Amino acid sequence: MNRSRILIVGALFGVLCAPTWAQQQPGADAAVVAASAPGKGSIARMTTVRATVESIDVANRQVTLKGPRGKVFPMTVDPKVRNLEQVKVGDQVVVRYFEALSLTLKKDGKELRGSTEQTDAVRTPAGERPGGAVAKETEVTADVIAVNAKTQTVTLKGPKQTVDLKIPDKGQFKLIKVGDQIHAVYTEALAVGVEPAAKK
C-alpha cells in the first residue's frame with residue numbers, strides 16, 4: 001500500500017502505541033478533510049500527538065513518556081523495533097494516526113458481496129534512527145436491502161454482517177434505492193517518529 005506510506009513522513013519509530021491512544025490524547029492536533037459528489041463521499045483525518053521521553057531502560061525495553069498535558073506513562077517497546085539505544089531522554093516521540101473512509105454508490109450493483117484486507121508494515125534499516133509504520137486497507141461491497149426515509153438510514157448487508165448507515169445529506173440519501181450497492185474503502189495508518197531533543 002504505497003499510497004499509505006506516502007502519507008507518513010519523517011523519522012519513524014515503530015509501532016508502540018495504539019490508534020486509540022493517539023485519538024484520545026488532550027492536546028492532539030487533528031486535521032480533517034471531507035469531500036462529496038453525487039453518489040460519492042469521503043472523509044480523512046490525520047491526528048498528531050507529541051510526547052517527551054522522560055526515561056529509558058534499553059535492556060528491559062522500557063520507555064517513560066510525558067504527554068502534551070504533562071501526564072507520564074510507561075510503555076514497553078516491541079522487540080521488533082530496531083535501534084532503541086539511539087533514543088535519549090528529552091527526545092520527542094511523534095505519533096501520527098491517519099484514517100480515511102470513502103463510500104461509492106453503485107446503482108443496481110451486480111457485484112458479489114465481499115471484503116478484502118491488506119496490511120503493510122515498514123521500519124527503518126539497522127543503524128538509522130528508530131522508525132516504523134503500519135497501514136491497513138479494507139474494502140467492502142454491501143447490498144442496500146432497506147431504505148428508511150423517516151430516519152434517513154439505509155440498511156446494508158455485507159459479507160459478514162448487516163448494518164444501518166445514517167445518511168445525513170438529503171441529496172445523497174435520495175439517490176439510494178433497494179438493490180443498489182455501496183462500495184466502501186477504509187484506510188488507517190499508524191506511525192511513531194522520534195525527533196532529537198532540542199539543543200540548548
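**Q172 and its surroundings**

The backbone nitrogen of G39 lies 2.8 Å from a polar atom of the Q172 side chain. The backbone oxygen of A37 is likewise placed 2.8 Å from a polar atom of that side chain. A polar contact here is a pair of N or O atoms within 3.5 Å; within protein, one must be able to donate a hydrogen and the other to accept it, and residues adjacent in sequence count only if both atoms are side-chain atoms.

This is a predicted model, in which local features need pLDDT of at least 70 and side-chain atom pairs count only at pLDDT 80 or more, while totals for chains, interfaces and linings use all residues. Residues are numbered from 1 along each chain as its sequence is written, and side-chain values use heavy atoms, with hydrogens and water left out.

Q172 sits in helix α3, which covers residues 170-175. Helices (H or I, at least four residues) and strands (E, at least two) are DSSP runs numbered from the N terminus. Leaving aside residues up to four places away in sequence, Q172 touches S36, A37, P38, G39, K40 and I167; contact means heavy atoms within 4.5 Å. With a relative accessible area of 15%, Q172 is buried, a term for under 20%, whereas exposed means over 50% and partly exposed lies in between (1.4 Å probe, protein chains only).

The protein chain holds 3 helices and 10 strands, in the order α-α-β-β-β-β-β-β-β-β-β-α-β from the N terminus. Of its 200 residues, 38% count as buried. Among its contacts between residues at least 6 apart in sequence, 68% join residues at least 24 apart.
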